[in-house]
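Trainee: Could you walk me through how to read a structure like this one? I'd like the general idea each time, then the actual case.

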Amino acid sequence: MRHTVIISAALLMLGASLAAHHSAIQFDFTNSKAVTGVVKKFIAINPHMQLVLHVKDAKGERDIEFEGHSTNNMYRAGYRDNMIKVGDTITVYIAPLKDGSDGGYVTAALTASGTRFGARSRAELEQERLKAEGKK
Amino acid sequence: MHRRFRAAPGIAAAGLVIIVFGATRLGAQQPDFTGVWTTYNDPGQGPGGGGGGRGGGPPLPMNDAAKQKVEKYQALVKPTGDTPGGYCLGTGMPGSMLGSGGYPMEIHQRPEQIMIVYEAHNEVRRVYLGDRMVPEADRLPGRNGYSNGRWEGNTLVVETTNLIEQVDQRYAHSSKAKIVERYRLEKGAKGEAVLVAEMTMTDPEFYTAPVTATKKWAKVPNGHLLPYECAEENWIKHLEQLEKKAAGK
């Protein structure tokens, strides 16, 4: 009986953990958008970095949650410890949510000290190409 | 003094035996794959290449029953985009040897055992050689199975069995699958060390013919793997939920 209770509790905890998981299907990786804000929360973990920015834009003032590439991928794309701290004003480059709501998948970031890390998305590369060619 | 001189040839002979035995034990004749390796792209091949991906090509020689199993699984996860990795599950064979999600791997080579550590999910494969091989009756099946290795000249041949059925693999397979990997060193376009891994999978329950694939790895000089605690994100989120609950929110 005791074992049953323990196993049931373990399964409930596992269920709660699994419920926290989700895939990246909700993000539009064909697009890229830059969002600037003040860091309220940042955790460099795997499989996805976690970030909350306090943003002020045409829609108003609010906190927006983001997730991003794995810390390991970001590390190999230039990220190092303490590059992002709570209170910093940073810009993140995201694959926006397909439904147009706030949030997105961080593929790169420009830190408060001006260091950029991360990958350039296809959309960013295309935008840079068009700009370089004077078409945008 | 005289006796010491007479003993010297015996000592020298014993030393020679130790040296020869030691050289054999250390596998001095075999190439050393020890080090950190990352995906190698042949010249002209874009990022994300290096083998391992299906990337189109001819369809796999999968029988109808296996196709139905794979389609049933894909119908289940496609709407959500869920993957085993998203649930912190290691890639499993043959996905691990064919790239492990694009992350690097580290090889530690000893004569009797070769450890392959894939950075993603801290996944580990152990390849046993000679007396280190695990008797069939003492094995438990798993996503990476059991791997036995042997040297054929400069090529390391690894046979993997005792796998569980994995319809979530890019190269899906049953528990009867047998995967043979052949590893050898080559030189890349810039003269760098490239580890070529050729895979042949036979599976009478899923396939009507052997399935083959090749993955190439480039040596990372003085490379290091990074930690990868996949479950940390979920644990933090779980703690946040507990904090909210405790605060009555």
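Predicted model: local features only at pLDDT ≥ 70, side-chain atom pairs only at ≥ 80, totals over all residues.

Trainee: Now strands. In which sense do β2(B) and β3(B) pair?

Mentor: In a regular strand, side chains alternate between the two faces of the sheet. Here β2(B) (residues 105-109) and β3(B) (residues 113-118) run antiparallel, with 5 bridges. They form a hairpin with 3 residues between them, and B:Q109 has B:I114 as its bridge partner. β2(B) also pairs with β1(B) (residues 35-39), again antiparallel, over 3 bridges; there B:G35 stands opposite B:I107.

Trainee: What about the largest nonpolar core: how many residues does it have?

Mentor: Nonpolar side chains tend to be buried together in soluble globular proteins. The largest core in this model has 37 residues, and B:W37, B:L195 and B:W217 are among those with the most contacts inside it. β8(B) gives the largest share, 5 residues. Setting aside sequence neighbours within four places, B:L195 touches B:F33, B:W37, B:Y183, B:L185 and B:W217. A second, separate core of 19 residues includes A:L53 and A:F66.

Trainee: And how many residues does each chain bring to the contact?

Mentor: Chain B brings 19 residues and chain A brings 16. The chain B side splits into 6 nonpolar, 7 polar and 6 charged.

Conventions: Residues numbered from 1 in each chain as written. Chains lettered and ligands numbered in written order. Contact = placed C-beta atoms within 7 Å. Nonpolar A, V, L, I, M, F, W, Y, C, P; charged D, E, K, R; others polar. Pairing = 2+ DSSP bridges. Helix = DSSP H or I, 4+ residues; strand = E, 2+ residues; numbered from the N terminus. Core = buried A, V, L, I, M, F, W, Y, C linked by C-beta atoms within 7 Å. Buried ≥ 20, exposed ≤ 12 C-beta atoms within 10 Å, placed from the backbone.
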